Protein chains: 2
Amino acid sequence: MTIREVSEKYGVSADTLRYYEKMGMIPPVTRNASGIRDYTAEDLRWVELAKCMRASGLSVEAMVQYVQLFQQGDETIPERLSLLLSQRAELLEKREKIDAALLWLERKIERYEAAAETGVLKWTDE
Amino acid sequence: MTIREVSEKYGVSADTLRYYEKMGMIPPVTRNASGIRDYTAEDLRWVELAKCMRASGLSVEAMVQYVQLFQQGDETIPERLSLLLSQRAELLEKREKIDAALLWLERKIERYEAAAETGVLKWTDE
DNA sequence: ATAAAACTTGGAGTAAACTCCAAGTCAATA
DNA sequence: TATTGACTTGGAGTTTACTCCAAGTTTTAT
């Protein structure tokens, strides 16, 4: 699969795909005889993973660490596990912050929906 | 309340507080006779809000828009409501992406916990 | 009164994550 | 075979959100 096809399939620009590879966020992609990227099914799984992790807000750096450990083989299993645990903790924290903001938004939306009918807000702040 | 006190109270640097104000993410802060910031309770509520929204990942830009509408008065209530609704939608989407990544992480963590006992992974990819 | 600490501004610098560009190579078609 | 379009690399440029700095007030403490 060419870089263009992968780009279209996953909605990630070719530049970004090359960037992820250069940074080590995914292992080196398979190339054909003339050095052009030819993504295998395994390469695609890494792309998918990278996309999912970035979409969630995990840093490129965190993913790079994981891939580096992965490439060092089975001795790094405990380290990889602890990395995964801390990434999970990070995402759970992110979610809590989103929930706090959502709570605030919900409260405001309720008041604004009431105000949209009368045309005036019944409270003074924010 | 001085900028230093606010900074300590909320764990936001004085530079960041000035930045938020300069960008219009919070309305102009109350000043004393010599032009030095003296945060009132209302100013603090804006700071708190700004902190909460930024922590959730909402852009400075989105918050600036809200404050601008707020400062224009009651005619902007419908616009403010629709802005709040789209911000909520954005946060809900963010949370779904986090949940997707968490699902993946949980799956891996399970397998790694099993592997940590044997010292070897039972699957070949990622 | 005077030094030190905290404040002011405008503007420059930084980090992360892309995004774009130039100059060249490779592949497919008329 | 020639030219068009996709690919390659290294490196420069961009955006967002700070973060730091310099040069100058203001406040506080001795």
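User: Before we start, what counts as buried, exposed or partly exposed here?
Analyst: Buried means under 20% relative accessible area, exposed means over 50%, and partly exposed is in between. This is a predicted model.

User: OK. Is A:Glu8 buried or exposed?
Analyst: A:Glu8 has a relative accessible area of 55%, so A:Glu8 is exposed.

User: What does A:Glu8 pair with?
Analyst: A:Glu8 forms a salt bridge with A:Arg4, and the closest N and O atoms are 2.9 Å apart. A:Arg4 counts as exposed too, at 58% relative accessibility.

User: Where do A:Arg4 and A:Glu8 lie?
Analyst: Both are in helix H1 of chain A, which covers residues 3–10. They are four residues apart, about one turn of the helix.

User: How many salt bridges over all chains?
Analyst: The structure holds 14. One of them, in chain B, joins B:Arg18 to B:Asp15, with the closest N and O atoms 3.5 Å apart.

User: Where are B:Arg18 and B:Asp15?
Analyst: Both sit in helix H2 of chain B (residues 14–23), three residues apart, about one turn of the helix. B:Asp15 counts as exposed at 56% relative accessibility, whereas B:Arg18 is partly exposed at 34%.

User: And B:Glu21, what's the partner there?
Analyst: B:Glu21 forms a salt bridge with B:Arg31, the closest N and O atoms being 3.4 Å apart. B:Glu21 belongs to helix H2 of chain B and B:Arg31 to the loop between H2 and H3, so the pair ties together parts that are 10 residues apart in sequence.

User: Is B:Glu21 buried or exposed?
Analyst: B:Glu21 counts as buried, because its relative accessibility is 13% and the cut-off for buried is under 20%. B:Arg31 has a relative accessible area of 39% and is partly exposed.

User: Over in chain A, which residues are linked with A:Glu21?
Analyst: A:Glu21 is in a network of salt bridges with A:Arg31 and A:Arg37.

User: Switching to helix packing. At what angle do H3 and H4 of chain B cross?
Analyst: Roughly 145 degrees, and their axes come within 10 Å. H3 of chain B covers residues 41–55 and H4 covers residues 60–71.

User: Left-handed or right-handed?
Analyst: The crossing of H3(B) and H4(B) is right-handed.

User: Which residues meet there?
Analyst: From H3(B) there are B:Trp46, B:Leu49, B:Ala50, B:Met53 and B:Arg54. They meet B:Val60, B:Met63, B:Tyr66, B:Val67 and B:Phe70 of H4(B). By class, the contact has nine nonpolar residues, no polar ones and one charged one.

User: What about B:Trp104, where is that?
Analyst: B:Trp104 is in helix H5 of chain B, residues 77–118. At 10% relative accessibility, B:Trp104 counts as buried.

User: How far apart are B:Trp104 and B:Gly11?
Analyst: They are 93 residues apart in sequence and 33 Å apart in space, C-alpha to C-alpha.

User: Last topic, the two chains. What rotation superposes chain A on chain B?
Analyst: A rotation of 180 degrees does it, with 0.0 Å of shift along its axis and an RMSD of 0.1 Å. The two copies are therefore related as by a two-fold rotation axis.

User: Which C-alpha in chain A is nearest the axis?
Analyst: That of A:Arg95, 3.2 Å from the axis.

Notes:
Residues are numbered from 1 along each chain as its sequence is written. Chains are lettered from A and ligands numbered from 1 in the order in which they are written. This is a predicted model: local features need pLDDT of at least 70, side-chain atom pairs count only at pLDDT 80 or more; totals for chains, interfaces and linings use all residues. Side-chain values use heavy atoms; hydrogens and water are left out. Copies are superposed by least squares on the C-alpha atoms of residues with pLDDT of at least 70 in both. Axes are lines fitted to C-alpha atoms, for helices over the stretch in contact, and angles run from 0 to 180 degrees between N-to-C directions. Helices (H or I, at least four residues) and strands (E, at least two) are DSSP runs, numbered from the N terminus. A crossing is left-handed if the near helix is turned anticlockwise from the far one by less than a right angle, and right-handed if clockwise. Contact means heavy atoms within 4.5 Å. Ala, Val, Leu, Ile, Met, Phe, Trp, Tyr, Cys and Pro count as nonpolar, Asp, Glu, Lys and Arg as charged, and the others, Gly among them, as polar. A salt bridge is a side-chain nitrogen of Lys or Arg within 4 Å of a carboxyl oxygen of Asp or Glu. Buried means under 20% relative accessible area, exposed over 50%, partly exposed in between (1.4 Å probe, protein chains only).
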